[in-house]
Amino acid sequence: MIGTDYTSELISKMMHLSVRRQELLANNLANLNTPGYTRRDLNFAGALGDAVRKDDLNALRQLNPEVTMDKSGSVRLDGNNVNAASEMNEMTQNGTLHALLAKAYSTRQRILKSAIR
Amino acid sequence: MSIELIPGAGTISSGLDAEQTRLRLCSANIANAHATNKDASNTYRRQVVAFESVLKAQYEEGDSRHFGGVRVSQISRDQSPLRQLHDPGHPDADPKTGMVTLPNVNPLTEMVDMMTASRGYESGLAAFRISKQMAEKTISMGSGNA
């Protein structure tokens, strides 16, 4: 496709991934009191880094990191390892990342527009 | 499949719903803490809720986008022994022994349960706020200083 900006694609992909991570974190919180529940997470940093290094737009578009079962952290007596505090911490940081990305996207668009002008 | 603009909104609301059910049962238990019955075997038994996480959609569609959150799998009666109190003047007392059978509700357990449930509810609300902010940012992508 002509005129596709790699940086804009990268930012929107990262925003998409952070939204998906938010869904997972929300699911963890919803299961805060579910016996035997193991927390899930999405670690997209590694896969995203590989796609960026390849500098391939298609690899970036097809990037679909897998949801992992996170068995770390202390498991409560009911077999659940969700910790509300750390979950909220992850969620807040993820939200901040998302806001930062939205900002980066706007900046990128402004740069492109000023180049056109 | 409906469009979910706010990430995890359905999941969060399922969590809120589950915690609310727990709160409701706790207050029912506390309200019935002293409910006696002429027939001792019919005395109120504490209600307990069991949660299970909903992951069916994920396995069936192979799509991690739609986590179902949590649901109340069953509400059962606590089968632990009922409390016995010697009170011959009580209208529901056993005429022979003078013992009154009281529900197996422990107000302390219920209070702790209620606190856990309300913390769970609050964390759900906090999560929803973050999700909402993310949705707002997504909507205003590229407009001004988003």
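User: Before we start, what makes a residue buried here?
Analyst: A residue is buried if 20 or more other C-beta atoms lie within 10 Å of its own, exposed if 12 or fewer, and partly exposed in between, with C-beta atoms placed from the backbone. This is a predicted model: local features need pLDDT of at least 70, side-chain atom pairs count only at pLDDT 80 or more, and totals for chains, interfaces and linings use all residues. Residues are numbered from 1 along each chain as its sequence is written, and chains are lettered from A and ligands numbered from 1 in the order in which they are written.

User: Which residues of H3(B) are buried?
Analyst: Asp113(B), Ala117(B), Gly120(B), Ser123(B), Gly124(B), Ala127(B), Phe128(B), Ile130(B), Ser131(B), Met134(B), Lys137(B) and Thr138(B). Helices (H or I, at least four residues) and strands (E, at least two) are DSSP runs, numbered from the N terminus.

User: What covers them?
Analyst: The cover includes H1 (6-30) and H4 (84-116) of chain A, together with H1 of chain B. Contact means C-beta atoms, placed from the backbone, within 7 Å.

User: What span does H3(B) reach?
Analyst: From first C-alpha to last, its 33 residues reach 47 Å. That is close to the 48 Å expected at 1.5 Å a residue, taken as 1.5 Å times one less than the number of residues.

User: How do H1(B) and H3(B) pack?
Analyst: H1 (residues 9-31) and H3 (residues 107-139) of chain B pack at about 160°, axes 9 Å apart. Axes are lines fitted to C-alpha atoms, for helices over the stretch in contact, and angles run from 0 to 180 degrees between N-to-C directions. H1(B) and H3(B) are therefore roughly antiparallel, the term for angles over 145 degrees.

User: What residue classes make up that contact?
Analyst: The contact of H1(B) with H3(B) has 12 nonpolar, 7 polar and 4 charged residues. Ala, Val, Leu, Ile, Met, Phe, Trp, Tyr, Cys and Pro count as nonpolar, Asp, Glu, Lys and Arg as charged, and the others, Gly among them, as polar.

User: Switching to the chain contact. How many residues from each chain?
Analyst: Chain B gives 32 and chain A gives 28.

User: Which element of chain B gives the most?
Analyst: H3(B), with 13 residues. By class, the side of chain B touching chain A has 11 nonpolar, 17 polar and 4 charged residues.

User: And chain B overall, what's the element order?
Analyst: From the N terminus, α-β-α-β-β-β-α. That comes to 3 helices and 4 strands. Of its 146 residues, 27% count as buried.

How values were computed. Angles under 35 degrees count as roughly parallel, over 145 as roughly antiparallel, 65 to 115 as roughly perpendicular and the rest as oblique. Two residues are in contact if their C-beta atoms, placed from the backbone, lie within 7 Å.
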